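These are my notebook entries on a single model. I set down what I looked up, one topic at a time.

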Amino acid sequence: HFFAGKLYFCCCLHEARKGGEKMNKPEATWNLDDEDDVKVTVQPDTKLDNASTFIFRKEDHTVGNLLRMYLHQRDDVLFVGYNMPHPLTHNVHLKVHCASGTTPADAVLEVIDEIVGDVDSLDVKFRAQLEQHRRLFSDREAGGAGMLL
């Protein structure tokens, strides 16, 4: 559940940032609070050493492509790809093959941490720029020498 919880946090971080508003609202049939529901299943590859397929339930191309892009940048990942076996079932199959010394699960967890860090950094920078804009705009309205952005 640790892995699924981190991924769910990463994928839904924008909801927390917006005070609970949902920008990309999940389908009504996706009961995300079902404790018996397994979010991520890991299937070790039987033909390749140090390779696994991660099946993310109730996810789409957004998560699949994001994970693929970040994993592709790593030197210890030999192959990464994802697919959605059927457009009506929202399951992402992410295949990861790593060099010896790193397991696919470790690589995926590290990438999730990196994504969360990048989203946090983006949030901090956005909020700082927004606050700067608000100060300039309020100075302008108060008759100050603020700039228009």
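How many aromatic pairs does the structure hold? I found one; for such a pair, ring centres of Phe, Tyr or Trp (its six-membered ring) must lie within 6.5 Å, and planes under 30 degrees apart count as stacked, over 60 as edge-to-face and the rest as tilted. The rings of F54 and F56 have centres 6.5 Å apart and planes at 20°, so the pair is stacked. I noted that both F54 and F56 are buried, where buried means under 20% relative accessible area, exposed over 50% and partly exposed in between (1.4 Å probe, protein chains only).

**Basis of the entries.** The model is predicted, and local features need pLDDT of at least 70, side-chain atom pairs count only at pLDDT 80 or more, and totals for chains, interfaces and linings use all residues. Residues are numbered from 1 along each chain as its sequence is written, and side-chain values use heavy atoms, with hydrogens and water left out.

**Overall layout.** I listed four helices and four strands in the chain; these are DSSP runs numbered from the N terminus, helices being H or I of at least four residues and strands E of at least two. From the N terminus their order is α-α-β-β-α-β-β-α. Of the 149 residues in the chain, 33% are buried. Among contacts with a separation of 6 or more, 55% join residues 24 or more positions apart; contact means heavy atoms within 4.5 Å.

**The sheet.** I traced an open sheet of four strands in the order β1-β2-β4-β3, with antiparallel pairing; two strands pair if DSSP finds at least two bridges between them. β1 (40-44) and β3 (77-83) are the edge strands with a single partner each, so one side of each has no neighbour in the sheet. From one strand to the next the twist averages 15°. β1 and β2 are joined by five antiparallel bridges, and Q43 has T53 in β2 as its bridge partner. Six residues lie between these two strands in a hairpin, and N50 in the turn has a positive phi of about 60°. At the other end of the order, β3 and β4 (residues 91-98) run antiparallel over six bridges, with V80 partnered by V96 in β4.

**Helix α3 on the sheet and against α4.** I saw α3 pack on the sheet, where α3 touches β2 (51-57), β3 and β4 and its direction makes about 170° with that of β3. Axes are lines fitted to C-alpha atoms, for helices over the stretch in contact, and angles run from 0 to 180 degrees between N-to-C directions. α3 (residues 61-72) also packs with α4 (residues 104-141) at about 105°, their axes being 10 Å apart. The two helices are therefore roughly perpendicular, a class that covers 65 to 115 degrees, with under 35 roughly parallel, over 145 roughly antiparallel and the rest oblique. L66, L67, Y70 and L71 of α3 meet residues of α4 that include V108, V111, I112 and I115.

**Two loop residues.** Are K58 and R74 buried or exposed? K58, in the loop between β2 and α3, counts as buried at 14% relative accessibility. Its C-alpha atom lies 4.9 Å from that of H90, 32 residues away along the chain. R74, in the loop between α3 and β3, counts as buried at 17%. Leaving aside neighbours within four places in sequence, R74 is in contact with T102, A107, E110 and V111.
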